[in-house]
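I opened the model to look up its fold, its pockets and a few side chains. My entries follow in the order in which I made them.

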Amino acid sequence: PGRLLLAEGEWEQAARYLEQCRATARHASYLLLQRVAQSFLAELDLLEGQPEMALARLLPLLDRDGMEEWMATIHVLPVLAWTYLELGDTDQAARTIEEALRRQRSGQLRRALAATLRVQALVALRQGTVQTAGDALEEGLALARAMPYPHGEGRLLAVYGRLHLERGEVTAARERLVAALAIFQR
């Protein structure tokens, strides 16, 4: 329920569930579940404007030496890239997101890829590469709609609204943001 509550904007309740999950996973030395819980808690940290806290959560959960672990690929790397972006380290954000995308593409992790493309678009917008952002958003939307993955689609549409604003396209931005809001309300 923690992930669902986070998506619904019930941050306080989400934090309680996710902290409980994290504590249980840590007590049981269950790294896989620790990665999931901590990545969602790090996302909450970012939404609350605390990227330093997110970084502290995520760094200990990276791949173990010599490995490319799928739960780090799916959950940790995309949020870590977003964290670096919020910390102002655009270069590290770009390197991290490229690594996540490479690994997700090779593993055909479509749902994770759709979510990660949203972060790639955020990084590209910060770098001023609007075409790259648009390409990432188009690919992500195609994936999200094909699954279907409405929450991911809504998040991608919200970033697309930002892209249109960057271009000065207010009407297009409004359309994307209204579409995102409709998905979130549903």
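**Fold**

I read the pattern along the sequence as α-α-α-α-α-α-α-α-α-α. I noted 10 helices and 0 strands; helices (H or I, at least four residues) and strands (E, at least two) are DSSP runs, numbered from the N terminus. This is a predicted model, in which local features need pLDDT of at least 70 and side-chain atom pairs count only at pLDDT 80 or more, while totals for chains, interfaces and linings use all residues. Residues are numbered from 1 along each chain as its sequence is written, and side-chain values use heavy atoms, with hydrogens and water left out.

I looked up the overall dimensions next. Along the principal axes, the C-alpha atoms fill a box of roughly 50 × 35 × 30 Å. The radius of gyration is 16 Å, which agrees with the value near 16 Å for a compact globule of 186 residues; the radius is taken over C-alpha atoms, and the globule rule is 2.2 Å times the number of residues to the power 0.38. Buried residues make up 46% of the 186 (buried is under 20% relative accessible area, exposed over 50%, partly exposed in between, with a 1.4 Å probe and protein chains only). Of the contacts between residues at least 6 apart in sequence, 54% join residues at least 24 apart; contact means heavy atoms within 4.5 Å.

**Pockets**

I searched for pockets on a 1 Å grid over the protein atoms alone; a pocket is an open set of points where a 1.4 Å probe fits, with protein on both sides within 12 Å along at least five of seven lines, and lining residues have an atom within 4 Å of a point. The largest pocket has a volume of about 740 Å³, a volume being the space filled by probe spheres set on the points. I counted 28 lining residues, with Ala-7, Glu-43, His-151, Arg-155 and Phe-184 nearest the centre. Helices α1 (2-7), α3 (31-47), α5 (70-86), α7 (110-127), α9 (150-166) and α10 (170-185) each supply at least two residues of this lining. The largest share, 7 residues, comes from α9. By type, the lining has 15 nonpolar, 2 polar and 11 charged residues (Ala, Val, Leu, Ile, Met, Phe, Trp, Tyr, Cys and Pro count as nonpolar, Asp, Glu, Lys and Arg as charged, and the others, Gly among them, as polar).

The second largest pocket holds about 260 Å³. I found 17 residues lining it, and Arg-3, Phe-40, Glu-43, Ile-74 and Ala-115 lie nearest its centre. Two or more lining residues come from each of α3, α5 and α7, and α7 gives the largest share, 6 residues. The division here is 9 nonpolar, 3 polar and 5 charged.

Thr-90 is in helix α6 and counts as buried because its relative accessibility is 17%.

Gln-92 is also in α6 (residues 90-106), but counts as partly exposed, at 22%. A polar contact of 2.8 Å joins its side chain to that of Arg-95 (a pair of N or O atoms within 3.5 Å, one able to donate a hydrogen and the other to accept it; residues adjacent in sequence count only if both atoms are side-chain atoms).

Gln-120 lies in α7 and is buried, at 12%. Beyond its neighbours within four places in sequence, I found Gln-120 in contact with Ile-97, Glu-98, Leu-101, Thr-132 and Ala-136.
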